Amino acid sequence: MSTMTTNQSNMAGRPTPPVRKRNSLAKGKLPKWAIWAIAAGAIIIGAAASTLTGFNVASFAIYSALIFLVAASVITSAVEGKRRGKNAMWTYLIYAAFIVAVIPLVSVLYTVLEKGMPGMNAHFLFNSMNGVTGAVDNESVANGAPVVGGAYHAVVGTLLITLWATLISVPVGMLTAVYLVEYGQGKALSKAITFFVDVMTGIPSIVAGLFAAAFFGMILGPNARMGIVAAVALSVLMIPTVVRSTEEMLKIVPNELREASFALGVRRWRTILKVVIPTAISGIASGVTLAIARVIGETAPILVTAGIASQINMNVFANWMSTLPTFIYYQILTPTSPTNIDPSVQRAWAAALLLIFMVMALNLLARLVASIFAPKKGR
């Protein structure tokens, strides 16, 4: 007993040896700065390799990315093991794919902003091309004056045609989706509708325009070009998107909600109207908004159904109408002044920027609508 006490006192009296901290490499783990060091080395070597073959940004980026991918994977495998090395390789490949996908978007936005902002002003937004001729553009270039003429008539045409296309396609698409989910499960008609909706999803836009032009041509004559014809063409493109998005939203509504409503003696149509649709309205509204954003930039169906106009037309049931896509097309293809195309090019870039702003606004609106009408979660 005394011996144990003595030993314990000796152990208690000894100073505890300091615990050595093992560095990251000893632990089998790369330090945090290692990846940044590898990236810096890859950039330097990539720049040198690109210089040997004639330096340009594309080759520099490709060489640097490949060198970084190989070096980071090999070093990670050597230090942390093959399993972590493979994981690092696929992680960096995913990052690279994301960057490759974002680069064209950033490039397009930068180019359109750079070339479109000089022409974006109040005169462009609130004036049409009525009365603007090649002589006017020549005079503007000669005197260094601001470019005359705008896209107000095209903005009006875009909004009116898209509005009527929405009024046509949303009720048809929603009712079709309601039938497919709530009434037609397993029926032959439901299968046929699903098949034709899938086919319509892949229809080229020019085919939809030709269909609308031929249909109204049989009724009103071969020269029937007006806004409502273009709206019908766009609705042909919108309906499949509305049907699919609404169908998917209705499918995710829990069946328990329907059964609870039926148990209370509520009829099916009232259950759909008061329970199912309100529950799915967030996704439905988002899908409709995205469908509008998809067709607002169409050019081919508008050209063959509504034509091109230089003056403001508020009546979709009479005369030709212009939209922003056709305005851009016309300004580039047939400049107002063939000898001085800069004013027309400036108008085209400004209209392209305005169209991008409209599409971005619609996408933001879709997110806002989805968040507003989303079902409130309980505590």
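Which residues does P240 touch, not counting residues up to four places away in sequence? The residues are V197, M200 and T201, where contact means heavy atoms within 4.5 Å. P240 lies in helix α10, residues 227-251; helices (H or I, at least four residues) and strands (E, at least two) are DSSP runs, numbered from the N terminus. At 2% relative accessibility, P240 counts as buried, a class defined as under 20% relative accessible area, with exposed meaning over 50% and partly exposed in between (1.4 Å probe, protein chains only). P240 and E114 are 126 residues apart in sequence, and their C-alpha atoms are 36 Å apart in space.

The model is predicted: local features need pLDDT of at least 70, side-chain atom pairs count only at pLDDT 80 or more, and totals for chains, interfaces and linings use all residues. Residues are numbered from 1 along each chain as its sequence is written, and side-chain values use heavy atoms, with hydrogens and water left out.

The overall fold comes next. The protein has 15 helices and 0 strands. Its radius of gyration is 32 Å, well over the 21 Å that the globule rule gives for 379 residues, so the protein is more spread out than a compact globule. The radius is taken over C-alpha atoms, and the globule rule is 2.2 Å times the number of residues to the power 0.38. Along the principal axes, the C-alpha atoms fill a box of roughly 115 × 75 × 35 Å. Buried residues make up 37% of the 379 residues. Of the contacts with a separation of 6 or more, 74% are between residues 24 or more positions apart. The protein exposes about 22,700 Å², and carbon and sulfur atoms supply 69% of that area, as computed by the Shrake-Rupley method with a 1.4 Å probe, where for residues only the protein chains shown count as cover.

The UniProt record, an unreviewed entry, places the feature "transmembrane region" at residues 33-55, 61-80, 92-113, 151-181, 193-220, 226-243 and 348-370. UniProt positions are given in the numbering used here, feature names are shortened, and annotations may be inferred rather than shown by experiment. Residues 92-113 are 100% helix and 0% strand, with end C-alpha atoms 31 Å apart. Over residues 226-243 the chain is 94% helix and 0% strand, and the end C-alpha atoms are 26 Å apart. The unreviewed entry in UniProt also lists "domain: ABC transmembrane type-1" at residues 155-366. That stretch is 76% helix and 0% strand, and its end C-alpha atoms are 20 Å apart.

Helix α3 can be followed from end to end. At its start, a side-chain oxygen of N56 reaches to within 2.8 Å of the backbone nitrogen of S59. The 24 residues of α3 (residues 57-80) should span 34 Å at 1.5 Å a residue, and the end C-alpha atoms are 33 Å apart, which agrees; the expected span is 1.5 Å times one less than the number of residues. Buried in α3 are S59, S64, F68, L69, A72, S73 and T76. The cover over the buried residues of α3 includes α2 (32-52) and α4 (82-116). Just after α3, G81 takes a positive phi of about 110 degrees.

Helix α4 also holds L113, which counts as partly exposed at 38% relative accessibility. Beyond residues up to four places away in sequence, L113 touches P118, L353 and F357. The C-alpha atoms of L113 and R267, 154 residues apart along the chain, are separated by 54 Å.

In helix α7 (residues 152-183) lies T166, which is buried at 15% relative accessibility. Leaving out residues up to four places away in sequence, T166 touches P171, M238 and I292.

The last stop is the region around α14. Most residues other than glycine have a negative phi. N319, however, has a positive phi near 70 degrees. N319 is found in the loop between α13 (300-305) and α14 and is exposed, with a relative accessible area of 56%. T326, within helix α14 (residues 324-333), is buried at 0% relative accessibility. The side chain of T326 makes a polar contact with the side chain of S322 at 3.4 Å; such a contact is a pair of N or O atoms within 3.5 Å, and within protein one must be able to donate a hydrogen and the other to accept it, while residues adjacent in sequence count only if both atoms are side-chain atoms. Apart from neighbours within four places in sequence, T326 is in contact with T299, I302, L303, G307 and I308.
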